Amino acid sequence: MQVHKYDVVIVGAGGAGMRAAIESGQRARTAVLTKLYPTRSHTGAAQGGMCAALANVEEDNWEWHTFDTVKGGDYLVDQDAAEVMAKEAIDAVLDLEKMGLPFNRTPEGKIDQRRFGGHTRDHGKSPVRRACYAADRTGHMILQTLYQNCVKHNVEFYNEYYVLDLLLVEEEALREDGTSYMQKRVAGVVSYDLASGEIHVFQAKSVVFASGGVGKVFKTTSNAHTLTGDGMGIAFRRGIPLEDMEFFQFHPTGLAGLGILLSEAARGEGGILRNADGERFMERYAPTIKDLAPRDIVARSMANEVREGRGCGPNKDYVLLDLTHLEPAHIDAKLPDITEFARTYLGVEPYTEPVPVFPTAHYAMGGIPTNIKAEVLQDNDTVVPGLYAAGEVACVSVHGSNRLGTNSLLDINVFGKRAGIAAAEYAKVAEYVEVPENADQFTIDLIEQVRAANGTERVAQLRKELQDTMDANVQVFRTEQTLNETLNVIASLRERYKNIGIQDRGRRFNLDLLEAVELGFLLDMAQVMTVAALHREESRGGHFREDFPDRNDEKFMKHSMAYKDDLATSESVAGIRLETKPVVFTRYEPMVRKY
Amino acid sequence: MSKTPAGTLYRGREGMWSWVGHRVTGVAIFFFLLVHVLDTALVRVSPEAYNVVIATYKNPFMAVLEAGLVAAIVFHAFNGLRVILVDFWKKGPKYQAQLLWGVVGLWVLVMVPFLIRHLTLAFTGGH
Amino acid sequence: MSTPTEIPEGPSKVELAPGVGGGGEIPSFDITLKVRRYDPEVSEEARWDEFVLTMYGTDRVLDALHKAKWEHDGSVSFRRSCAHGVCGSDAMRINGRNRLACKTLLKDLDTSKPILVEPIKGLPVEKDLIVDMEPFFQSYREIMPFLINSGHEPTRERLQSAEDRERFDDTTKCILCAACTSSCPVFWTDGQYFGPAAIVNAHRFIFDSRDDAGDMRLEILNDKEGVWRCRTVFNCTEACPRGIQVTKAIAEVKNAVLNRKI
Amino acid sequence: MAVTSEIQAPRSGRVAPKYTRHGSSRGNFEMLAWLFMRVSGLVLVVLVFGHLFVNLMVGEGVHAIDFGFVAGKWADPFWQIWDLAMLWLAMLHGTNGVRTIINDYADKDGTRFWLKSVLYAATAVIIVLGTLVIFTFDPCPPNAAAELLPSFCPAP
Ligand SMILES: Cc1cc2nc3c(=O)[nH]c(=O)nc-3n(C[C@H](O)[C@H](O)[C@H](O)COP(=O)(O)OP(=O)(O)OC[C@H]3O[C@@H](n4cnc5c(N)ncnc54)[C@H](O)[C@@H]3O)c2cc1C
Ligand code: HEM
Ligand code: SF4
Ligand code: F3S
Ligand code: FES
């Protein structure tokens with residue numbers, strides 16, 4: 001067993017992980033473990049922008065931003081967290097600028113800002129320019145800039161190290177009211193070195209999870225092949241609950257059939273959606289802000305147009321994004337990359353032809369529950385000392401049931417920074433937790449079992465069936481029936497998963513093996529999502545139940561908390577127990593969300 | 001460390017082939033130059049010695065070689081100018097391929113009259 | 001790059017041209033994919049493996065590789081992540097040229113002949129299409145790829161005019177895929193050359209008006225393994241999947257070194 | 001299956017020895033060499049084309065070249081300087097070019113050293129020899145047959 005010892009170990013080198021590393025690396029001995037080279041992380045795919053009420057181009061303030069975030073999340077947002085994020089947004093953007101990020105500029109030389117869906121002035125009066133951007137590769141520039149600063153601060157990276165297990169120990173402790181409970185403590189993580197096939201144990205005082213999303217449970221997705229929900233899955237398997245997993249965002253404008261994202265900036269810069277009749281149908285669904293309505297509304301409207309037979313194309317299965325009324329020069333200046341996607345992948349010329357688009361699975365609002373200090377919670381209010389999470393893997397919850405565009409790049413910077421500082425500060429005062437004996441056994445078993453697997457099922461086939469089911473049944477429209485059906489499918493896939501076979505039995509770069517391990521996480525996460533979706537008998541934000549089309553604040557104005565329940569107690573479904581957690585309210589009372 | 005398995009030839013385009021050409025011609029000219037200085041140095045030995053050696057330049061076979069050499073020099077020179085333009089002219093990198101076609105064009109333009117004259121001289125014999 | 005004050009509103013309804021945006025049936029076709037295989041755990045010798053696959057009009061080389069891996073031989077190894085040309089994982093040599101597998105559409109290749117896929121050249125091959133990227137990143141790190149500003153921290157953002165911002169826009173697009181460096185014949189020779197990608201990333205800071213350490217970077221690249229090793233071969237520019245004018249950037253850095261010294 | 005069990009950590013920063021740069025070069029030699037290639041190239045265009053034109057194109061071309069022809073040229077300081085400049089520039093230009101090529105393709109330090117030593121020695125010999133020839137050249141060597149000499153030589 002090879003054991004490395006660090007003060008802080010960060011899992012994941014996307015935006016959140018590297019933002020944390022920059023802070024923690026300067027304060028404590030830090031290692032960053034990442035399954036990809038840092039610059040390959042999916043933060044680099046983000047296009048549109050990162051919002052902050054800088055008020056560089058028009059009047060704006062953080063309070064309006066908080067309101068938009070809360071309303072956008074259909075009031076399921078923890079308002080204290082949203083406030084923190086909106087306030088710290090301004091510094092987050094300025095920090096990045098000082099680190100060297102090449103934002104686009106106004107004529108006065110200040111950071112330029114543009115419109116984005118759901119961002120309004122004065123509590124919904126009209127759209128506001130709040131998104132700071134670098135052409136349409138804001139995420140790319142954030143990722144590069146953060147990596148550059150990690151290089152500057154000599155952050156230690158372990159590239160292509162897959163973290164596969166979290167080391168937690170439990171000890172009995174007393175609550176204030178005298179009742180006893182099991183307190184979890186973090187001892188470190190176990191990782192698999194892709195290049196050599198070896199297992200490495202990392203002992204750490206603090207562990208930060210920043211391992212990104214889980215979009216690959218769906219077929220049509222803007223997410224990378226590598227976004228398989230490992231972080232969430234690892235935590236979940238070790239008894240950490242997952243919060244609000246039923247809420248998954250479907251981005252309205254994915255390239256039809258491929259899922260590759262065309263940023264909302266396309267609509268922010270004036271693009272509009274049309275159905276087969278050439279009608280700008282968003283005028284019907286959101287009369288005030290039309291095409292710039294929040295994503296869930298636009299995505300559902302699009303799906304509805306298609307469902308009602310107004311879809312375009314040979315199979316009438318998509319709608320059109322029309323940029324043809326915009327100046328080609330304007331398109332080139334503001335949206336060069338995404339127009340190139342349309343040309344490269346669909347052969348469509350956006351200057352003169354509308355682009356076929358359809359909603360694509362985009363962002364997990366849910367994840368590992370944390371408080372505003374980015375500390376991970378083992379239940380509704382007990383912190384796991386030394387364990388932190390930030391970014392898409394976490395649920396603070398600033399996005400509630402639906403994330404506003406540009407709020408995620410913000411989230412990773414604000415809470416990544418918080419997590420990094422907190423982890424380092426904690427490591428200064430804390431002692432190491434003893435690494436349990438045979439800490440690596442679980443991982444060795446997991447790996448060796450797969451390496452030896454010579455059953456008849458193919459991993460790719462199982463994954464495809466999972467993704468097809470999720471697309472068909474757990475996408476923008478859900479019903480009890482489709483969800484139950486999905487649970488059955490997943491259950492049978494799990495059975496078949498026990499009988500998989502892989503062909504690569506080597507140690508070096510065994511990606512065949514890794515894909516099988518990743519499928520394990522995907523199955524777990526798909527199941528959690530579906531169970532949580534089944535449980536929430538209402539429609540809110542990204543979660544729309546056709547059998548319960550209205551929001552039901554009385555029963556469901558709460559976060560869901562999904563626990564792994566191996567004992568399969570009576571209330572649990574498919575080995576998952578659902579509990580709830582109250583939403584934090586500070587300023588805003590729930591109102592009907594209308595745009 | 002693993003050995004790098006050799007694969008196919010890289011399929012470069014104008015830039016790469018012109019570079020290969022430039023390199024090959026450069027070396028060829030260099031070696032010719034070494035020999036050429038040596039033979040010219042014979043003028044210091046005696047007029048006879050020089051003339052004997054120079055006479056060998058005057059048969060048709062050598063004429064063809066000579067033509068090749070001139071072709072090499074002309075290509076190297078024009079392409080050298082192209083390289084200089086790429087280095088110092090703002091739009092050089094953008095038009096490098098077109099510049100190469102310019103080089104080839106000029107090369108033909110120079111070589112055709114030269115070859116006509118040189119080869120007629122070589123094959124019709126002088127004195 | 002300033003914001004136009006008014007963005008034109010599109011009309012509420014338009015006549016669509018018949019069949020607009022509709023691709024019709026997506027044609028399928030058969031291809032032969034030849035993959036350069038190498039796994040030192042199995043054999044020190046590299047070999048070519050052939051896969052015959054049925055693919056569709058919108059498929060890319062990455063889809064073909066996936067199909068080979070997922071349906072034929074799970075041990076075919078290659079890196080990939082984003083699948084749409086923004087992460088830089090899957091630079092490889094396709095029909096002899098460096099390309100991103102996820103950005104190369106099969107229909108743009110000659111599918112009547114086998115499609116050859118090999119690892120990029122000049123870096124140690126670890127397995128199949130996977131190469132050791134460390135030497136590449138080492139050169140990147142050596143050119144100090146981060147903003148260095150000696151002035152005191154302003155409270156707000158540093159100002160930068162849109163023109164100054166535009167000056168280095170092209171080189172900010174780099175995704176560190178190594179397609180350029182591993183297409184450069186000079187880099188192939190001994191691996192000592194800093195390579196185009198490092199120079200591109202130095203350029204990004206040298207020409208950033210907010211940066212004060214341009215001179216240090218120019219000094220680093222004035223090395224015997226620096227900019228002067230570039231022979232303007234242009235393979236890098238042709239290989240760059242982001243369309244960066246790499247050779248031009250190198251020329252600008254060369255001239256910047258010259259101007260500083262002379 | 002040979003798998004080493006020790007692995008240097010962290011993986012990042014572990015660079016195969018072939019690729020590590022041994023120290024950095026000081027001074028501006030490479031820059032000056034680069035610049036020299038361009039400047040000398042420009043001058044050489046004129047010198048070499050002039051040379052080729054006069055020697056191969058004018059009059060009877062290559063057939064006209066003999067001792068008398070050369071002697072006739074070098075009697076004129078203009079051609080002396082011309083050929084001298086051409087000799088020096090072309091040799092230095094070519095030598096530097098070949099030096100780059102050796103640097104590119106000779107992997108081992110030893111090979112590099114030997115090849116370059118031979119190159120520099122050859123260059124030195126050729127330049128010295130050429131220069132001597134041009135300057136110590138006597139267009140009318142005393143005991144040579146008169147018909148080989150240029151017409152301006154005094155009859156013996
Ligand atoms: C196409 C697209 C466009 C987007 N556009 C915008 C936008 O305009 N504005 C906005 O605000 N948001 C946008 N988003 C959302 C936003 O980009 C992401 O939510 C955010 O970047 C996530 O960052 P992250 O750091 O949490 O994760 P990631 O950047 O995904 O990084 C995850 C990291 O974790 C590592 N990792 C994962 N699993 C493991 C493991 N098992 N072991 C070790 N390491 C592991 C990976 O290697 C990677 O380094 C967009 C998202 C997509 C997909
Ligand atoms: C006639 C005019 C000439 C011009 C304009 C010229 C121009 C150049 C230039 C610009 C280069 C640098 C190329 C680079 O850095 O990529 C070069 C390289 C070279 N030149 Fe010349 N040159 C000329 C004549 C000669 C002569 C007469 C010789 C032989 C003695 C010669 C031999 C070389 C060699 C060997 C190289 C190195 C090639 C390489 O590194 O790829 N050149 N030339
Ligand atoms: S310059 Fe282009 S080819 Fe080179 S690493 Fe960057 S993106 Fe890749
Ligand atoms: S291919 Fe190489 S030689 Fe220069 S122009 Fe590009 S770096
Ligand atoms: S997979 Fe990301 S660039 Fe190709």
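Predicted model: local features only at pLDDT ≥ 70, side-chain atom pairs only at ≥ 80, totals over all residues.
I then noted where the two histidines sit: the pair crosses between chains, His76(B) belonging to helix H3 (residues 60-88) of chain B and His93(D) to helix H3 (residues 77-105) of chain D.

Next I looked up the geometry.

His93(D) counts as buried because its relative accessibility is 14%. The cut-off for buried is under 20%.

I turned to the record for chain D. An unreviewed UniProt entry places the feature "transmembrane region" at residues 31-58, 78-98 and 118-137. I checked two of these ranges in the model. Residues 31-58 of chain D are 96% helix and 0% strand, with the end C-alpha atoms 39 Å apart. Residues 78-98 of chain D are 100% helix and 0% strand, with 30 Å between the end C-alpha atoms.

Last, I listed the surroundings of ligand 4. The residues around it are Cys184(C), Tyr193(C), Pro196(C), Cys230(C), Arg231(C), Thr232(C), Val233(C), Phe234(C), Asn235(C), Cys236(C), Thr247(C) and Ile250(C). I sorted this shell by class and got eight nonpolar, three polar and one charged residues. Helices H7 (235-239) and H8 (246-261) of chain C each supply at least two residues of the shell.

Methods
Residues numbered from 1 in each chain as written. Chains lettered and ligands numbered in written order. Heavy atoms only, no water. Near = heavy atom within 4 Å. Helix = DSSP H or I, 4+ residues; strand = E, 2+ residues; numbered from the N terminus. Nonpolar A, V, L, I, M, F, W, Y, C, P; charged D, E, K, R; others polar. Buried < 20%, exposed > 50% of the residue type's maximum accessible area, 1.4 Å probe, protein only. UniProt positions renumbered as here; feature names shortened; annotations may be inferred.
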